[in-house]
Amino acid sequence: MRPTGRLHLGNLHGALGNWVELQNSGSYDCFYFVADWHAITSEYASTEDIRQNSLNMVIDWLAAGLDPDKSTLFVQSAVKEHAELFLLLSMITPLAWLTRNPTYKEMQTELSTKDLSTFGFLGYPVLQAADIIMYKAYGVPVGVDQLPHIELTREIARRFNYLYQKDVFPVPEPLLTSVPKLLGIDGRKMSKSYDNAVYLSDRGKELRQKIASMFTDPQRMRKKDPGNPEICNVFTFHGLYSPAPAVAEINRECRVAGIGCTDCKKMLAARVEEALAPVHERMDYYQRNGKEIEERIRKGNDEAAEIARRTMAEVREAVKI
Ligand code: AMP
């Protein structure tokens, strides 16, 4: 994850929640990292917040339940091997694979205030491929927006193995959650860049106000109009935060105009607040104990670097340099 700001509920339901589950399942060797070089691809002109954002992001991870005793948590820029593998992979990646990447075009349009026609921005999926295959990952837990990048990573891994006649890298699979794309309060994909996000750190009045301003079924203008929960984002959120009988009741009552959007949102806000309470408690603890986090990350960096060194020895051997 890129340290470009606090994490939001899209990050949680699309990826981070899954990270915690994979970690706790005990069946995976998990590597999660702060993609600070990736943050620079779009934030190169204002890098002053990256360090603080990195720390805040790790605080959000720990608050959500990641545990450095179970997973390797590290910072990308602390493991320089990522840059070396990126360079070697860039040699074998055809330019057309990058120019046709849908996120490349999409982000250039969406973030039109930033000049993203840079070499680094075009090439970041190659860096991402290096980040993934460095650890010989066979599963990558991401949201659906990342699928084109995982596909590209698979092609690059295959091409490397083919060109150098050695199966150095497994071909990784994406690991999606049941909510691969959560919408924000304005109905677009929830994103830091769109100013439509509910943050993991939002609480109290701020949280309630954000939920109160969420878009609902656009056809439902008045309380007495029957609604359609299938196209209502507030209902999607109820599916994530309310128990099944409550969701069934809202579904029924909304369709017959038995419940209005304001009450429905108030109920949702109470559920979200309740669900986030233990997360906020942990967040407050880690916020006060930044030194402890830095220590844990240093250990994670060492663990990751050890594996990266081994992989790079194999890579140099295969490339014959
Ligand atoms: P980013 O903030 O773009 O670096 O994304 C970090 C992770 O969160 C990636 O795995 C994304 O796929 C996931 N993600 C970001 N926004 C959403 C969203 N609105 N819904 C689901 N997953 C998301």
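Biologist: Is Phe31 buried, partly exposed or exposed?
Modeller: Start with the cut-offs. Buried means under 20% relative accessible area, exposed means over 50%, and partly exposed lies in between (1.4 Å probe, protein chains only). Phe31 has a relative accessible area of 22%, so Phe31 is partly exposed. Tyr135, with 11%, is buried. This is a predicted model: local features need pLDDT of at least 70, side-chain atom pairs count only at pLDDT 80 or more, and totals for chains, interfaces and linings use all residues. Residues are numbered from 1 along each chain as its sequence is written, and side-chain values use heavy atoms, with hydrogens and water left out.

Biologist: How many aromatic pairs does the structure hold?
Modeller: A pair of aromatic rings is described by the distance of the centres and the angle of the planes. Rings of Phe, Tyr and Trp (its six-membered ring) pair if their centres lie within 6.5 Å; planes under 30 degrees apart are stacked, over 60 edge-to-face, and the rest tilted. The structure holds 10 such pairs. One of them joins Phe31 and Tyr135: the centres are 5.0 Å apart and the planes are at 25°, so this pair is stacked.

Biologist: Which parts does the pair of Phe31 and Tyr135 tie together?
Modeller: Helices (H or I, at least four residues) and strands (E, at least two) are DSSP runs, numbered from the N terminus. Phe31 lies in strand β1 (residues 31-34), and Tyr135 in the loop between α7 (119-133) and β3 (139-141). The pair therefore ties together parts that are 104 residues apart in sequence. Compare the tilted pair of Phe121 and Tyr124, with 5.2 Å centre to centre and 45° between the planes. These two residues are 3 apart in helix α7, so about one helical turn separates them. Phe121 is buried at 1%. Tyr124 is buried too, at 8%.

Biologist: Which residues do ring pairs link into a cluster?
Modeller: Phe31, Phe33, Phe74 and Tyr135.

Biologist: Which residues come nearest to the ligand?
Modeller: A residue is near a molecule if one of its heavy atoms lies within 4 Å of it. There are 18 residues around the ligand, and Asn11, Gly143, Asp145, Leu182 and Met190 come nearest. By class, the shell divides into 7 nonpolar, 6 polar and 5 charged. Ala, Val, Leu, Ile, Met, Phe, Trp, Tyr, Cys and Pro count as nonpolar, Asp, Glu, Lys and Arg as charged, and the others, Gly among them, as polar.

Biologist: Where is an oxygen atom of the ligand relative to the side chain of Asp145?
Modeller: A polar contact is a pair of N or O atoms within 3.5 Å; within protein, one must be able to donate a hydrogen and the other to accept it, and residues adjacent in sequence count only if both atoms are side-chain atoms. At Asp145, a ligand oxygen is 2.4 Å from a side-chain N or O atom. At Gly143, a ligand oxygen is 2.8 Å from a polar backbone atom. At Lys192, the distance from a ligand oxygen to a side-chain N or O atom is 3.4 Å. The protein covers 92% of the 490 Å² of accessible area (Shrake-Rupley, 1.4 Å probe) that the ligand has on its own.

Biologist: How many disulfides does the structure hold?
Modeller: A disulfide is a pair of cysteine sulfur atoms within 2.5 Å. The count is 0. The sulfur of Cys261 has its closest cysteine sulfur in Cys232, at 6.1 Å, too far for a bond. For Cys264, the closest is again in Cys232, at 6.2 Å, also too far. Cys261 is partly exposed at 24%, whereas Cys264 is buried at 11%.
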